[in-house]
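Student: Could you walk me through the metal site in this one, and the aromatic rings that go with that part of the chain? I'd like one connected answer.

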Amino acid sequence: MEQFVTIKTFTYPHEAYVIRGKLESEGIRTFLKDEMTVQVYNFYSNAIGGVKLQVLEEDAEKALNIVNSVEEVPREVVVFSKKELDGTDICPFCHSENIGHSKKPGWLTLIPYLIVGFIFPVYKNSYLCFDCEKQWKIKRSCQNKYS
Ligand SMILES: [Zn+2]
């Protein structure tokens, strides 16, 4: 029998899709365990250990190499409300003033392009600290933060 092993877990299924697509394009069969459970009951994700990206045991090493190479690009982006940052232009993590602001089209831009054939730019408004290398975004409204 073919044995699937978990190579990575994700909180939400959409986070897994990017890497899954990459693995499948390399010819690796994948399986997302608990994908449906998490989609239906989002808040169960942490309790059941998230969505598990699995591959066949014999592909695990190759898959891990691909996962590691993909992951260097998207890093964790923390979202703050304007209120939390108090309108100051410093890094919320290390308080450095050595920060950069980037406004570039996000990869989400590609989705409408694939569907309707033209691009709606979805701009990612993000900040990067050059000292601690953390990245963050500012949310326009701070309502419903924890609801
Ligand atoms: Zn910093």
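Tutor: Let's start with the metal and then move on to the rings. This is a predicted model, where local features need pLDDT of at least 70, side-chain atom pairs count only at pLDDT 80 or more, and totals for chains, interfaces and linings use all residues. Residues are numbered from 1 along each chain as its sequence is written, and side-chain values use heavy atoms, with hydrogens and water left out.

The zinc ion takes its protein donors from Cys91, Cys94, Cys129 and Cys132, through SG in each case, at 2.2 to 2.3 Å. Donors here are N, O and S atoms within 2.8 Å of the metal (3.2 Å for Na, K and Ca); water is not among the atoms, so sites may look incomplete. The angles between the four donor atoms run from 105 to 114°, so the arrangement is tetrahedral (for four donors, all angles between 85 and 135 degrees). Along the chain, the donors are spaced C-x2-C-x34-C-x2-C. Cysteine 91 belongs to the loop between α4 (82-85) and β5 (99-105), and cysteine 132 to the loop between β6 (123-129) and β7 (135-139), so this pair ties together parts 41 residues apart in sequence. Helices (H or I, at least four residues) and strands (E, at least two) are DSSP runs, numbered from the N terminus. Cysteine 91 is buried at 0% relative accessible area, while cysteine 132, at 28%, is partly exposed; buried means under 20%, exposed over 50%, and partly exposed in between (1.4 Å probe, protein chains only).

Now the rings. Phe80, Phe93, Tyr127 and Trp136 are linked into a cluster by ring pairs, meaning centres within 6.5 Å, with planes under 30 degrees apart called stacked, over 60 edge-to-face and the rest tilted. Tyrosine 127 and tryptophan 136 have ring centres 5.9 Å apart and planes at 15°, so they count as stacked. Tryptophan 136 is buried at 1%, and tyrosine 127 is buried at 17%. Phenylalanine 93, by contrast, is partly exposed at 31%. The charged end of lysine 134 sits over the ring of phenylalanine 93, 5.0 Å from its centre (NZ of Lys or CZ of Arg within 6 Å of the ring centre and within 35 degrees of the ring normal).

Key. Tetrahedral: all angles 85-135°; square planar, octahedral: opposite > 155°, others 65-115°. Phe/Tyr/Trp six-rings, centres within 6.5 Å; stacked < 30°, edge-to-face > 60°.
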